[in-house]
Amino acid sequence: MTITMSLARNEPAPLAVAPGSIVVVRDAEWLVTAVEAGPTSTLITVQGLSELVRDTSATFYSDIDHIDVLDPENAKVEADGSSGYRRAKLWLEATARKAPVPLGEQTLTVSTRMLADPLAYQRTAVRRALDPANLRPRILLADAVGLGKTLEIGMILSELVRRGRGDRILIVTPRHVLEQMQQELWTRFALPFVRLDSLGIQRVRQKLPATRNPFSLYKRAIISVDTLKQDRYRSHLARQRWDAVVIDESHNVMNSSTLNGRLATLLAPNTDALILASATPHNGRKESFAKLVRLLEPTAVSADGELDEGEVGRLVLRRHRNSDEVAREVGADWAERLPPLHRLVPASAAENAIADELSSVWLHPESGRSPNAGDSASLFQWTLAKAFLSSPAALRESVLERLQKVRRQGAGERQAAEAQALERLLALADDALETPSAKYTALLERLRKIGVGRGAATRAVVFSERLATLGWLQTRLMRDLRMSKDEVEVMHGGLTDQRQQEIVDSFKQASSPIRVLVTGDVASEGVNLHAHCSELIHFDIPWSLIRIEQRNGRIDRYGQRARPQITTLLLDLENDRFSGDLRVLERLLEREQEAHRALGDAASLMGTYDAAAEEAEIRKVLAGQRRFEDAVPTPEQAMEQGDGIGALLARLAAAQGAVTSPPAPVATEESDGTGLFADDRDFLRAALTERYAVPTTSVARGGVEWAEPPNTGIVSFTPPADLQQRLEALPQTYLRDRHVTTTLTLAVTRAKAEERLKAARDDRTSTSSWPDAHYLGPLHPVLDWAGDHALARLGRNHVFAVRGQVDAPTVLLLGTLTDRRGQVVASSTLTVELPNPDDPAFGLVTPHPSLRAALVDLGFTAGVTVNPGPVAADELQWVIAPAVRLGREHAERLGEHASSELTQRIADWSARVDSWEHGAERHSQIADLRAHRLTVEQERLLAVELQPQHRFVRPLLVVVPETTAVAPQKED
């Protein structure tokens with residue numbers, strides 16, 4: 001259950017509170033997990049500790065509710081009488097998991113322990129996003145197609161969550177990859193997102209009144225950009241603040257005058273972290289790229305639109321397949337592409353007749369005027385050419401559509417002449433449909449040669465631009481390969497988002513019936529089709545290097561272990577003029593392959609960075625208005641001639657691909673966690689045992705049944721009612737397919753989790769791509785639930801007392817430095833030894849590099865398995881107040897360095913804002929300057945909010961010598 005109190009009033013000053021504090025609100029005890037300070041009020045997010053509010057999260061405003069912050073100096077000592085000090089260990093482990101990692105911490109704590117290969121170049125991306133030089137995480141992941149930007153997104157988000165900066169996350173992505181993104185983030189990173197596709201939106205409407213903000217219902221949502229463009233959702237977004245926003249395929253939001261652009265402009269200032277992802281991050285126009293950069297950091301672009309190259313290098317990450325950093329890492333997990341097959345297929349007599357007609361009448365007329373000359377649709381002749389090169393069916397469709405339009409225009413001389421020409425072309429198209437198609441015959445031969453057929457395992461993806469061609473191919477392939485409609489599937493943009501997702505999800509599974517996926521370019525962006533497929537066939541050729549590269553990237557990407565084969569079918573026509581046109585397209589394919597080998601990116605060759613603009617250039621070449629070499633230079637020429645945005649990104653790719661700085665360090669077993677439990681499974685098992693008296697197997701109290709077959713790496717148990725309620729936030733198809741609320745099955749080792757994830761894809765009997773055992777990673781919601789129950793076992797502002805290897809009573813303390821938002825910017829672990837109760841002001845303060853190291857020094861580790869009995873807690877009460885005071889003094893000295901570093905970074909940030917504004921004064925005539933000033937002013941307010949403000953020290957444990965006598969009391 002979640003309680004939210006809002007409608008803040010302008011009365012008291014902000015509350016001095018930090019994450020980890022214990023507060024009392026409405027006579028209930030809560031643990032503070034997040035703080036957001038406003039000018040007159042403080043919003044705290046809390047987790048219930050006392051009996052009536054356990055399993056309850058809530059938010060309270062300090063000017064509405066009386067929030068009593070409990071003084072750590074008054075913490076009450078409580079003896080732990082449990083077996084092996086299980087309660088104290090659970091409480092400490094849960095506290096450590098809840099304590100946010102400081103914002104500036106560069107060590108990766110959880111992302112490398114998830115179900116993804118922690119490649120060095122991907123860790124570099126995380127480090128860049130978390131760089132302390134950035135006062136907030138902002139990055140454009142501009143890696144080329146196939147490098148795993150989704151994995152980089154998941155790694156960044158998981159680290160943000162561990163730092164207390166990922167409670168509310170919104171992901172915006174094209175609709176056909178909604179489920180793919182949702183699956184990757186849940187199965188690999190244990191980050192659950194509610195998918196707001198058409199069905200998800202319907203569920204929201206059923207739960208909420210029409211006037212209620214749907215984004216208040218779900219903390220983490222993934223939604224398509226098409227849905228968000230609707231007016232009512234944009235208005236909801238304007239009132240919603242996020243910890244992190246991800247915009248996938250962000251090149252679609254470069255133009256701020258479009259709906260997509262306005263949406264991005266609305267989201268950017270309302271989020272702390274912003275992650276943009278695009279393999280084609282610009283269209284060659286400086287002003288468009290500048291708008292994208294402004295979303296990340298307004299001061300990185302001057303008032304007159306000039307880019308600060310140093311800032312762009314900080315904000316934008318660009319690598320490709322052949323970058324040194326990437327090539328060293330991917331190895332066999334990204335097999336090299338086989339040499340492409342460009343099949344020149346002799347055209348049939350009917351196809352040659354069409355080519356003659358198109359060439360002599362439409363494309364290269366002897367009179368110099370095509371039948372549509374004088375009409376506004378002056379490019380229609382090239383539309384006919386593209387349709388013909390796709391299929392006779394596509395040509396017929398284009399001719400009919402144009403014929404209907406011409407007839408509606410009236411009966412003038414020009415219209416009559418064009419109608420006659422169209423009717424001749426229609427008759428030729430009809431003839432071609434009645435005779436064997438050369439390209440189709442070649443396609444059939446290729447599919448049979450590679451083993452595609454009923455009952456065979458081989459699959460292929462066939463791309464075509466034209467919808468009519470897709471249907472025509474499906475009908476013929478079903479007939480000639482004797483396959484059903486389920487085996488020859490068609491995907492295009494006209495399908496519902498739900499249907500597109502179903503097709504993509506099915507194709508990833510070994511059990512999928514699909515053997516030939518016939519698709520349009522809707523599948524050319526973001527879709528992963530490589531799991532069981534390494535054959536891609538271009539049935540027709542996009543007149544754009546970007547489109548060709550995007551198509552090829554569906555199977556030529558990280559994770560592809562079979563060498564991908566790209567095949568292109570080209571008609572060999574007898575008409576010399578038309579044959580020359582086809583040679584242009586063949587050379588375009590060759591250039592893409594050259595760019596793939598030399599640059600890892602074909603978009604920079606033509607310099608337009610836009611598929612439509614590239615196609616326009618190719619039309620000029622076909623019309624004889626431009627030389628091919630001028631329109632499509634070689635990679636070497638492009639590098640020599642490059643300027644502007646393309647050259648800037650090329651320089652970034654060269655510098656970043658050479659690994660100028662080491663990747664982010666990874667937490668080791670010695671530095672990560674408390675060491676009180678062997679692993680996450682051990683912690684979960686102990687938590688369930690403590691609450692339900694669960695033995696290693698069999699049925700336990702409370703309806704929880706724990707099963708852990710030996711040597712399997714699998715555990716399962718029956719989720720109790722309060723856990724079932726939390727699990728409702730998991731992906732709905734996962735809950736449905738795997739019956740999670742009945743039996744929660746977990747893989748407790750990475751090897752077993754990888755095996756079950758692979759089995760979900762490779763099992764020919766399974767109809768679900770969700771693994772039957774989910775990885776118990778460090779951010780798994782079940783561990784959060786277990787931790788909440790462990791925290792609730794200790795009384796209000798209490799601290800456990802245990803025995804350890806100490807000479808005198810010693811208090812373990814955790815100190816944190818928070819900014820005005822309540823975010824942890826630095827932390828320290830201290831112990832205070834108090835040898836003399838008659839002189840409590842004297843104590844030995846020792847800082848420790850980590851909580852784990854401190855517990856080892858105290859002799860309180862996982863190896864402590866015996867508890868001779870509880871100590872006399874009342875006799876230890878005297879140690880708390882002096883220990884907290886001494887720890888606070890020491891923590892303040894330790895925090896001075898971190899505070900001064902942060903203050904300096906904020907000062908540098910503020911100086912950049914001042915410099916921007918001074919420049920803006922010289923360009924007062926520039927359009928949109930006022931809007932830019934507003935976003936820059938928000939940067940100035942951000943600098944104020946991030947100033948270090950509160951120091952907080954809390955006791956975690958009292959440790960007494962092992963020889964301390966047992967108190968005369970019984971265990972609970």
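Axes are taken here as lines fitted to C-alpha atoms, for helices over the stretch in contact, and angles run from 0 to 180 degrees between N-to-C directions. In this predicted model, helix 2 (residues 120-130) packs against helix 3 (residues 149-162) at an angle of about 45 degrees, and the two axes lie 9 Å apart. The two helices are therefore oblique to each other, and their crossing is right-handed. On the side of helix 2, the contact is formed by Tyr-121, Gln-122, Arg-123, Ala-125, Val-126, Ala-129 and Leu-130. Helix 3 contributes Leu-151, Glu-152, Met-155, Ile-156, Glu-159 and Leu-160. Sorted by class, the residues of this contact comprise nine nonpolar, one polar and three charged.

Seven strands build an open sheet with parallel pairing, in the order 10-11-9-12-13-8-14. Strand 10 (194-196) and strand 14 (316-317) are the edge strands, each pairing on one side only. Within the sheet, strand 9 (residues 169-173) is joined to strand 12 (residues 242-248) in the parallel sense over four bridges.

Helix 2, in turn, lies across strand 8 (138-141) and strand 14, and runs at about 150 degrees to strand 8.

How values were computed: Residues numbered from 1 in each chain as written. Predicted model: local features only at pLDDT ≥ 70, side-chain atom pairs only at ≥ 80, totals over all residues. Heavy atoms only, no water. Parallel < 35°, antiparallel > 145°, perpendicular 65-115°, else oblique. Left-handed = near helix turned anticlockwise from the far one by under 90°. Contact = heavy atoms within 4.5 Å. Nonpolar A, V, L, I, M, F, W, Y, C, P; charged D, E, K, R; others polar. Pairing = 2+ DSSP bridges.
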